[in-house]
Amino acid sequence: MDQKVNIHPQVEAKIDDLLCRMTLAEKAGQLTHLSPSLVGGFDIEDLIENPELFREVKRDFHEDWIREGVVGSFGGMTGAEDINRLQKIAVEESRLGIPMIFGLDVIHGYRTIFPIPLAEACCWEPELMERTAAAAAKEAAAAGIHWTFAPMVDIARDARWGRIAEGAGEDPYLGCQAAAARVRGFQGNDFSQPDRLAACAKHYIAYGAAEGGRDYNRVDLSLQTLHEIYLPPFQAAVEAGAATVMSSFNDLNGVPASANPYTLTTVLRGQLGFNGFVVSDANSIGELVPHRFAADRKEAGLKALTAGVDMDMSTESYRHDIPELVEQGVLSLDVVDEAVRRILRVKFLAGLFDHPYRGSAALERDIHLHPQHLSLAREAARRSFVLLKNESDLLPLKKETTISLIGPLADNQADMLGSWAFTGSPKDVVTIAAGLRAAGCANLRVAQGCAINSPETEDFTEALAVAAQADVIVAVLGESAMMSGEAASRVSLDLPGNQQALLEALHATGKPLVLLLVNGRPLALPWAAQHVDAILELWQPGTQAGHAAADVLFGNYNPSGRLAVSFPYSVGQCPIYYNRPSTGRPAGAFKFTSKYIDGPWEPLYPFGYGLSYTQFAYENLRLTETEIHPEDTLYVRVTVRNAGGRRGEEVVQLYTADLVAGRVRPVKELKAFQKIALQPGESRELLFKIKASDLGYYDTAMQYVVEPGLFQLWVGPSSAEGLETTFRIV
Ligand code: GLC
């Protein structure tokens, strides 16, 4: 359903009226997004490491500029009272009373923190992602926020890149489902509602393709790959009605994304028909200078605005330089007016002119950490876990078992929240240990064993003494919250610090060993995969981490997550992703084929993979016809049976491959999936409808073509296996 931001004549008429009355300075102000300035010397790294410092540092809220009517948008604020105090100045004291729009990074929750977005993508449940986004919107709106800088919809194929944590993984089809679901969740059908937020699809575009997985680094890709892999989730977000888009830090083929006329105007406006506004990422306009794409702030602002960035976050180029550029005749007033129009359009659609004040302290008290939100957070967390290994069905455990819970993440609150959770509070978090105790695990012993990332060797004596008392050892290892997210690229995907040594020491006890992973990216775990009896990927599960972990560990919930990203054996394989080309020399036993001489070329765990406490069988894959025309739909049927002893959920995945084409095509591409629940012994026939028009690609002339030819089709439990057949487009 096309919910794109629309052009309403009566709204446009109101905008016309305002534009006629605005001074050039007021117009430049509308294009400006500011945050409070921190007064006095401070080290941003200190603030990030110690968020509570924010409460102490004095801040300048720029009331005078708001009163002059030269601040159109505000960030970095939490709390309805503070926000509405500033809004009141804009509405009641500025000349035209144009309300500001208050934006914030509400990425995976506000006070109730949900699993990181990469974890939620592993649920393969768009409806669940929509619900958590809606709950996040409710809590943030109660705190006075109008606009979230989410969803992050960047496709990521390289686990070295810390921001892989914030998106929906490596696949465009799953990425589109997640993008649309999150936009719907944040915005509902009408983001002027008091419990909704305007959404912001970010980071436009191809930010996840940074060379070397190094954040902010260059991106060099073909326009075909841009359109087939990185653009689709933005198109899905725009069609779901995303009110705004955020331009990214990276350059694309030498033209910075925050000053790129092709992506920002030709594609976003021309091809996708986007009518909302584009906000730059923080200071990405100013960074055109170190990009060596602009000589100074003034030229940077001119290039960004004329390329299609409507709002300047933090550089203040627009506010300072636009009036002069227009007066010098270098910048057309029409360009300025169009940008102001887009921003005012979103403000009208957000209802800010009629209801400029949102939220209250009372609403915050009623809605933050609401039991329904906590219950949803627990539900989302346990559904996002991925069971990677379960040798001889060691899991689920019995509550009577004597468990030694060991590791730096075993009784840890802050790191359960993951990145972009600064509005949450570690004190709200149920740790893994607390969750197991609350579930009735009477014989639980806990030891930290080592730090998350200590550079020094550490003594495991105490942890091993605790381990010796156990029937089963459960290690809880992984990354800290700040080892993924922004500016958190890693050159290694190993367990950090001494955690691998601790795991091997625990394994040496000879006791049954379970590994719970708490991390924000795929890790390289070949030793664990070989030696540990059971491995459960928890990701960063949020406020209800411990309860969700207990639900799965003790079998109250049968894990149903499936990987949204490939796990490599080694960081040397990155970037690694399932929808890769076969090459002219597909990897094989013969030396002269595409592989490595010192390690595997396949992933350790493939895209779409995940185990269950039960087993599923696939039978009877059938197509209604084996030849279709480009305008036809292919009907695919398959029967899935729960062949095990307990209820379980399966993500039934459908992949296709174009076997011969005018451009080299991926060995397979996800085209559909259904997540179903089956009782023991239950069978169900599923129907998939695949439009031939979805099986095309961009040819060498950048035309989207659906070519006749033979296709392979698989239906199965992951990208690595399934029943297969063929069909032809004629
Ligand atoms: C950051 C991030 C972006 C975020 C913005 C505002 O640098 O790149 O994702 O929304 O600044 O905080």
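A: Helices (H or I, at least four residues) and strands (E, at least two) are DSSP runs, numbered from the N terminus. Pro151 lies in the loop between β6 (147-148) and α9 (172-187). This is a predicted model, in which local features need pLDDT of at least 70 and side-chain atom pairs count only at pLDDT 80 or more, while totals for chains, interfaces and linings use all residues. Residues are numbered from 1 along each chain as its sequence is written, and side-chain values use heavy atoms, with hydrogens and water left out.

Q: What joins Ala150 and Pro151?

A: Ala150 and Pro151 are joined by a cis peptide bond, with omega of about 10 degrees. Another cis peptide bond joins Tyr204 and Ile205, where omega is about 15 degrees. Most peptide bonds are trans. Ile205 is in the loop between β7 (200-204) and α10.

Q: Which residues are around the ligand?

A: A residue is near a molecule if one of its heavy atoms lies within 4 Å of it. The residues around the ligand are Asp105, Phe149, Arg163, Lys202, His203, Met246, Phe249, Asp281, Ala282, Met313, Trp420 and Glu486.

Q: How is the shell around the ligand divided into nonpolar, polar and charged residues?

A: Ala, Val, Leu, Ile, Met, Phe, Trp, Tyr, Cys and Pro count as nonpolar, Asp, Glu, Lys and Arg as charged, and the others, Gly among them, as polar. On this basis the shell has six nonpolar residues, one polar and five charged.

Q: What makes Trp147 and Phe149 an aromatic pair, and of which kind?

A: Rings of Phe, Tyr and Trp (its six-membered ring) pair if their centres lie within 6.5 Å; planes under 30 degrees apart count as stacked, over 60 as edge-to-face and the rest as tilted. The structure holds 20 aromatic pairs. In the pair of Trp147 and Phe149, the centres are 4.9 Å apart and the planes form an angle of 80 degrees, which makes it edge-to-face. Trp147 has 0% relative accessibility and so counts as buried; Phe149, at 5%, is therefore buried.

Q: How do you know that the charged end of Arg157 sits over the ring of Tyr577?

A: A charge sits over a ring if NZ of Lys or CZ of Arg is within 6 Å of the ring centre and within 35 degrees of the ring normal. The charged end of Arg157 is 3.6 Å from the centre of the Tyr577 ring and sits over it. Arg85 lies over the face of Phe61, at 5.5 Å from the ring centre.

Notes: Buried means under 20% relative accessible area, exposed over 50%, partly exposed in between (1.4 Å probe, protein chains only).
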